[in-house]
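Work through the two exercises below with the model open. Each task is followed by a stepwise solution.

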Amino acid sequence: MRRQWLLVALILAVLGVGTWALVRFGGQTAIGVGQVAPGFTAKNLASGKPVSFDSSYRGKVTLVNVWATWCEPCKEEIPAMDSLYQTMGPKGFKIAAVSIDRGGEAVVKQFAKDYHISFDVLHDPSGDIERIYQTTGVPESFLVGRDGRIVRIMLRGYTWNSAASRRVVEELLATPAS
């Protein structure tokens with residue numbers, strides 16, 4: 001009898017986790033390496049216009065970075081991202097850095113100016129990017145190949161200007177879109 005109760009409890013626990021995952025991720029599969037990067041729209045702070053991932057970045061090697069101005073690891077990571085972009089941008093590498101700041105554009109624009117950011121700074125105060133990419137915090141980054149598939153996911157600050165990062169981006173740039 002005790003074994004039957006344990007089996008029932010185990011089945012209910014498994015069903016509960018499955019239900020939680022469907023609710024948490026809106027019934028969609030969790031984002032992972034090898035999956036096609038989801039599309040999103042955010043405001044480009046340089047142009048003041050909305051841009052979509054699909055029309056502006058799809059087919060290009062792109063680093064999608066979800067960040068915020070108040071995030072200390074983001075403050076450390078941004079200069080390394082800019083260094084990587086300065087080296088690889090002329091070769092076709094793109095960065096779509098999506099701020100989730102809810103305090104308004106002015107804060108994000110000032111941050112970009114203070115940190116001398118040369119890549120695309122986007123703003124999504126609604127937080128849609130967090131839901132779409134299923135982030136759990138900031139910074140989180142998704143390196144996307146020309147084929148639109150996620151190659152790497154970094155869940156905290158990362159040294160993007162390292163030799164290893166440059167090598168990965170160079171390899172991706174050398175690979176044609178399929």
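**Exercise 1.** Compare the span of helix H6 with the expected value, then find which of its residues are buried.

Step 1. H6 (163-174), a DSSP run of H or I with at least four residues, numbered from the N terminus, has twelve residues. Its first and last C-alpha lie 16 Å apart, close to the 16 Å expected at 1.5 Å a residue, where the expected span is 1.5 Å times one less than the number of residues. The model is predicted: local features need pLDDT of at least 70, side-chain atom pairs count only at pLDDT 80 or more, and totals for chains, interfaces and linings use all residues. Residues are numbered from 1 along each chain as its sequence is written, and side-chain values use heavy atoms, without hydrogens and water.

Step 2. Buried (under 20% relative accessible area, 1.4 Å probe, protein chains only) are Ser165, Val168, Val169, Leu172 and Leu173. Down the axis of H6 these buried residues fall within an arc of 135° (directions from the axis to the C-beta atoms), so they line one face of the helix.

Step 3. Glu171 and Ala174, exposed (over 50%), sit on the face turned away from the buried side.

Step 4. The buried residues pack against helix H3 (72-88), strand E6 (140-144) and E7, contact being heavy atoms within 4.5 Å.

**Exercise 2.** Which elements each supply at least two residues of the lining of the largest cavity?

Step 1. List the lining: Leu143, Arg152, Met154, Tyr158, Trp160, Ser165, Val168 and Val169. On a 1 Å grid over the protein atoms alone, a cavity is a set of points where a 1.4 Å probe fits but cannot get out, and lining residues have an atom within 4 Å of a point.

Step 2. Strand E7 (150-154) and helix H6 qualify, and H6 gives the most, with three residues.

Conventions
On a 1 Å grid over the protein atoms alone, a cavity is a set of points where a 1.4 Å probe fits but cannot get out, and a pocket is an open set with protein on both sides within 12 Å along at least five of seven lines; lining residues have an atom within 4 Å of a point.
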